[in-house]
Amino acid sequence: MATRTVDRPAIETPEEYFGFPMGTDRRLVRWPSMLRYFRALAADSDRLRYEELGVIDGQPLVLLTISDPENLRREGELRDVQSRLADPRKILDAADRQRLLQTGRCVCLITCSIHATEVGGVQMTPDLVHRLVTGEDQETRRILSEVVLLLVPSLNPYGMELVADWYKRMLGTPYEGTPPPQLYHRFAGHDNNRDWFMQALPETRLVVEHIHNSWWPHIVYDLHQMQPNGPRYVVPPFVDPYDPNVDPLLQAEINQMGATIAAELTAEGKTGVATTIIFDAYSPSRAYQLYHGGVRILSEAASVRIATPISLTADQLAETRGFEPRLSTQNHPLPWPGGAWTLRDIVDYNRITSWTVLDHAARYRDRWVRNFARVQARSLGRSTPYAYVVPPAPMQRDSGTALEMLRILQAGAVEVEQAEQGFTADGVDFPKGSFVVRMGQPFGGFAKTLLEAQRYPDLQLYPGGPPKPPYDITAHTLPLQMGVSAVRVGAPFVAALRRIPAVPLPEGGVVEVDGRGSSILIGSETNAGARLVNELLGAGAQVGRATMAVTVGDHPLDPGAFVVTGVRPALVDQVARNIGCRGYAASIPNSVEVQRLPRPRIAVYHSWRPHAIDAGWTRYVLEEYRFPHTVLRDRDIRQGNLRSRFDAIVLPQEGAKQILEGNSPTEYPPEYAGGIGDHGAANLRRFVEDGGTLITLDAASDVAIRHLYLPVTNVLDGVRHEEFYSPGSLLRILIDPLHPVGWGFEREAAAMFVSSPAFDIRDTTGVDTRVVARYPLSNQLLSGWIRGAERISGRAAVVDVAVGRGRVILIGLRPQFRAQARGTYRLLFNALYASTLQS
């Protein structure tokens with residue numbers, strides 16, 4: 001609806017400004033209109049500050065800071081108070097500490113609608129902001145005086161507009177209220193709230209840098225929605241397990257806040273409010289603030305069809321992970337009786353909850369500030385283990401990724417030090433240049449949870465029953481995911497250490513080896529090497545790969561080293577320096593076979609399913625490493641003629657049923673309905689038979705196994721969870737480093753296994769089938785949780801099968817998982833390169 005432009009004698013309510021109440025059926029306030037309203041409020045009120053943190057995919061990411069005008073004038077001082085309480089080493093003495101506790105305000109961050117179809121959060125914010133900037137009642141005044149509210153109305157404004165566009169387009173059709181067939185985050189989709197430690201996405205980086213690491217909030221409240229047929233509203237306490245690195249005081253505060261919210265909603269007559277169900281607090285991917293001194297709580301409202309109301313009877317409500325929404329229990333005392341459920345209901349529940357959070361923060365400001373200081377003081381005393389030592393770049397197989405891991409820690413406010421001379425720790429000698437991450441620092445718990453191996457408890461839904469599923473994955477160990485050597489040191493040690501403000505890129509460039517180099521060799525051991533090669537291919541270089549190990553000067557290179565010719569050495573040197581990658585100008589012995597590597601023509605299948613998330617992450621990784629690629633939709637594969645356009649097609653993780661059948665024609669227009677179908681599967685078979693390479697990730701391998709008639713079976717197909725279960729763990733795999741897909745790897749690596757397949761090879765008479773990687777006979781688990789490990793003992797994880805003139809490469813794991821599993825990126829990269837290798 002068009003915004004009115006007449007002069008406003010008073011601050012208009014949202015209903016007056018937009019022409020309808022927030023939460024009205026089938027009406028959404030669009031992001032540009034909402035921002036105009038917030039800017040108008042900021043111009044009219046000294047309680048509100050409007051700030052654009054950045055523009056992402058054409059949409060501003062906005063922060064609203066709301067507080068008493070005096071607090072806003074003292075913003076720098078209040079931030080300094082928080083900074084000093086966050087790092088108690090900056091506090092002078094007891095008197096200084098007491099002054100800081102008295103001066104500090106409770107800093108509360110409210111974030112909305114990171115999942116863009118969950119519109120109830122962002123649609124609530126105009127009402128909340130208007131009340132805060134106009135209210136003169138005692139509650140409002142207390143909140144403004146005691147609290148600094150940091151409000152992010154939408155953590156995903158690009159997605160908000162995409163959803164609104166789709167919803168408007170579908171209004172009045174049979175498809176009204178369906179989620180859009182595109183990812184509502186360009187790459188991450190629903191995974192965009194799983195990025196809080198990796199910070200791969202620009203939105204995450206902006207929010208962490210400008211809000212979390214600038215204000216150190218005491219309270220973070222994140223608004224979400226969930227399935228429509230469960231409880232109406234879920235708030236903490238969370239279920240077990242908690243990550244053991246979360247301070248017990250924070251756990252207690254979360255319980256207290258959740259109970260307060262539930263009580264207030266019930267007092268307001270809101271039914272269907274449940275606590276202590278479904279959601280845990282184990283993974284740091286969703287809970288940055290739990291490792292930075294504050295609490296992170298969430299609410300999950302039952303969804304409607306975006307803004308279209310629904311109606312459910314009590315009988316249509318469904319049990320969810322052991323929770324029965326029709327029963328009255330101590331954690332769900334007032335069940336919802338059924339009936340109409342609307343966007344306005346969600347807005348109301350969210351408004352009450354947001355106000356309750358702010359009121360609690362204001363009433364107990366002193367307690368929130370004091371407990372934050374206690375948590376941070378305890379963090380300095382963390383001593384088990386004492387530290388992790390990351391050997392310097394020359395001792396890392398992939399030095400660039402090792403330093404990248406340290407930069408990820410630093411982005412999370414973790415202090416990294418470097419040794420100015422050699423030292424001994426736990427009986428091990430470490431050289432000068434080693435990096436040290438001590439646990440006794442303000443955010444040592446964050447470092448510890450990211451560096452240590454997880455040991456997730458073996459939980460059951462009931463004694464002797466199936467496993468109790470975690471809410472997210474059970475392992476997040478960065479050194480394992482990234483293929484980095486990091487050594488746990490239990491006892492204190494003495495070393496000459498200096499703090500590194502910013503870990504640099506490794507030294508890159510071209511090294512002249514023998515003065516006669518007609519080629520430039522780039523090792524196959526690093527991710528950065530793939531990016532360098534791709535940029536050189538784009539510049540017209542000729543590239544090959546050495547099929548055996550080669551030594552250039554004092555530098556041994558594994559099989560698969562890239563051999564570059566036909567481009568100016570100065571250009572290679574410049575690009576290599578920018579990337580932080582080494583190249584070696586040297587001559588190649590005649591005994592070394594070099595296979596030609598034309599630039600592969602790559603396609604990535606991306607279905608129209610709303611949550612085809614793995615395709616998004618795959619495209620993200622390929623863009624980051626400069627692999628040009630084309631996106632194939634269902635119709636493209638059904639159309640055929642694939643081999644003339646592509647050398648490699650990637651099927652990212654998605655179930656075979658979803659790939660083959662796609663969206664239901666009753667829910668989506670014809671152009672978005674149906675999958676690739678049997679006809680598309682036959683086209684993939686012809687693509688391979690004509691010389692193409694089909695690369696399947698995780699569950700998508702089932703499409704190739706069944707429709708390309710491979711001599712391979714998934715040994716976990718049909719196995720009950722009681723017999724085998726591993727819903728997100730890091731497992732050990734053994735790789736064949738002589739196979740082109742295994743080039744550059746050591747024999748052992750860690751791989752992300754998320755209820756993945758494991759392969760058995762049948763009779764391969766007349767079929768060229770090779771196992772590239774398999775699970776060991778024992779000790780498969782490195783981090784996380786596994787039941788029934790014997791089921792995958794010795795089974796294949798990555799298989800290369802020849803079909804006609806082409807090949808299928810089954811990668812039965814997540815090599816690019818959430819842009820985190822960087823230690824296995826090169827399985828995907830090598831598979832892509834294998835599609836064009838020529839003897």
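Guide: Helices (H or I, at least four residues) and strands (E, at least two residues) are DSSP runs, numbered from the N terminus. The model is predicted, so local features need pLDDT of at least 70 and side-chain atom pairs count only at pLDDT 80 or more, while totals for chains, interfaces and linings use all residues. Residues are numbered from 1 along each chain as its sequence is written, and side-chain values use heavy atoms, with hydrogens and water left out.

Visitor: How many helices and strands does the protein have?
Guide: Both kinds of element are counted as DSSP runs. The protein has 23 helices, and its strands number 39.

Visitor: What is the radius of gyration of the protein?
Guide: The radius is taken over C-alpha atoms, and the globule rule is 2.2 Å times the number of residues to the power 0.38. For 839 residues the rule gives 28 Å, and the protein comes close to that, so it is as compact as a globular protein of that length. Its radius of gyration is 28 Å.

Visitor: What percentage of the residues in the protein are buried?
Guide: Buried means under 20% relative accessible area, exposed over 50%, and partly exposed in between (1.4 Å probe, protein chains only). Of the 839 residues, the buried share is 63%.

Visitor: Is strand 10 mostly covered or uncovered?
Guide: Strand 10 covers residues 295-302, and eight of its eight residues are buried. Val295, Ile297, Ser299 and Ala301 point one way, Arg296, Leu298, Glu300 and Ala302 the other, and all are buried. Strand 10 is mostly covered.

Visitor: Which are the edge strands of the open sheet of six strands?
Guide: The order of this sheet is 20-26-21-25-22-27, with mixed pairing. At one end, strand 27 is joined to strand 22 (residues 542-546) by three antiparallel bridges, and Arg545 stands opposite Gln595 in strand 27. The edge strands, each pairing on one side only, are strand 20 (509-512) and strand 27 (594-596).

Technical notes:
Two strands pair if DSSP finds at least two bridges between them.
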